[in-house]
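Hi,

Here is the structure I promised to pass on to you. Have a look at it first, and my notes on what turned up follow below.

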Amino acid sequence: MAKESSPPVPSVDIPDVVDVTPEMILQTETEIEELGKTDEQTLILGIETSCDETGVAILRGGDQVLANVISSSADLHSRYGGVVPEVASRAHVQAMNPAIAEALRLADVTLWDMSAIAVTVGPGLIGSLIVGVAAAKALASVLEVPLLGINHLEAHIYANFLEHPDFAPPAVGLIVSGGHTLLVHMPAHGLYEVLGETLDDAAGEAFDKIARYLGIGYPGGPAIDQMALGGSKRAIKFPRAMLRRGYDFSFSGLKTSVRDYIRKQEEAGVEINLADVCASFQEAVVEVQVHKTIKAAQEYGVTNVFVSGGVAANSRLRELMGVMCEESELKLFYPSPVYCTDNAAMVACCGHYRFERGIRPDPNIDPDPNLHLA
Ligand code: KG4
Ligand code: ZN
């Protein structure tokens, strides 16, 4: 609820270049002691600009999403079949102020009600990250509230805390997105052990590349997911890459195999059943991911399993992971599709938990395109 004494929602006017010095965000010891005092009224404004989505969210009490504004520039990239970084960063500059204003309107709060600002600092596209971090620094400076720099991969994990009160570490899970494929052990809040990663493409990238090759749309993940519904997942036997070899992943052999299959069919003059190709390709990806996740959960003796990131919206991944977790007596958590793909609610949520743990905010945060989870 908006405070009566709060000034009206301003038309936020953030200059393109925000040059904030550390001194501008001075925090006294007393203010820092205030950290860790979260309650159900704590309001965090989250900002996400790591790729092609400008996200601004307002979160109350760690799990009440009052606003989750997402402005995507995907349409601008679709003709190129992938994100064009310069186009994405320009779109963030245009979308940022309207997205903040819209989030405040939806949440019916003002900027002066915020307890802290949380922003993605990496990994991601540097030009895109700079826009979000600059906006967040300016807001934190003007409002004199803590600034929390958030790891995008960690935020994907925290998307699970938005909707599942019973989700808690220790847990093992997959972060599968357009830029990353990680199998992670999370023994406690804020602690991560990366068990495996992709040796080549990210899972979402493989979906996008195959969809582009098949000419069925961009982004490719949802297009393949949709088309696969009408096909048979056993129609074509694509390889299960590195199924029994550790916790790393690889998609290059599978991609080659799909291309070889299409080429041979064309050479033989056989009509290609795109639905079968999509369903069989998707099954090859999903089976390996599910197998490795269950194996890791068992090896690390955890019962909570999570799936996060854009590819976690995949219907077959959710289905097969659900079946296999039930068989193995594991508890599976995944976010609603809107919190799987890039959004700022997950960034605010991750910020809330950090704030709660009393982690000292840093006004000097800088974007880091190659930031690691652990
Ligand atoms: O997490 P995200 O929004 O951005 C990154 O952090 O990269 O993930 C985007 C990726 C894209 O590659 C997109 O094709 C994929 O997630 N994706 C899906 C589905 N929805 C989005 N992949 C498979 N099935 C889906 N339903
Ligand atoms: Zn992401």
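**Helix α7 and its packing**

In helix α7, which spans residues 220-228, the buried residues are Gly220, Gly221, Ala223, Ile224, Asp225 and Ala228. "Buried" here is under 20% relative accessible area, against over 50% for exposed and in between for partly exposed (1.4 Å probe, protein chains only). These buried residues of α7 pack against α6 (203-214), α9 (274-299) and α10 (315-327), where contact is taken as heavy atoms within 4.5 Å. Helices (H or I, at least four residues) and strands (E, at least two) are DSSP runs, numbered from the N terminus.

Before going further, please keep in mind that this is a predicted model, in which local features need pLDDT of at least 70 and side-chain atom pairs count only at pLDDT 80 or more, while totals for chains, interfaces and linings use all residues. Residues are numbered from 1 along each chain as its sequence is written, chains are lettered from A and ligands numbered from 1 in the order in which they are written, and side-chain values use heavy atoms, with hydrogens and water left out.

The protein chain splits into domain 1 (22-163 + 340-356) and domain 2 (171-334), with bounds from an automatic or database domain assignment. Their contact draws on 19 residues from domain 1 and 21 residues from domain 2. About 1,500 Å² is buried between the two, and carbon and sulfur atoms give 67% of that; buried area is the accessible area (1.4 Å probe) that two parts lose on being put together, summed over both. On the domain 1 side, Ile157, Asn160 and Cys340 supply 36% of the area buried against domain 2, more than any other three residues.

What about salt bridges between domain 1 and domain 2? The count is zero, taking a salt bridge as a side-chain nitrogen of Lys or Arg within 4 Å of a carboxyl oxygen of Asp or Glu. On the domain 1 side, α2 (74-78) and α5 (152-163) are the elements that give two or more residues, and α5 gives the most, with seven residues.

**Val184**

Why does Val184 count as buried? Because its relative accessibility is 0%. Beyond its neighbours within four places in sequence, Val184 is in contact with several residues, including Ile157, Tyr192 and Leu373. Ala296 is 112 residues from Val184 in sequence, yet their C-alpha atoms are 8.7 Å apart.

Best wishes
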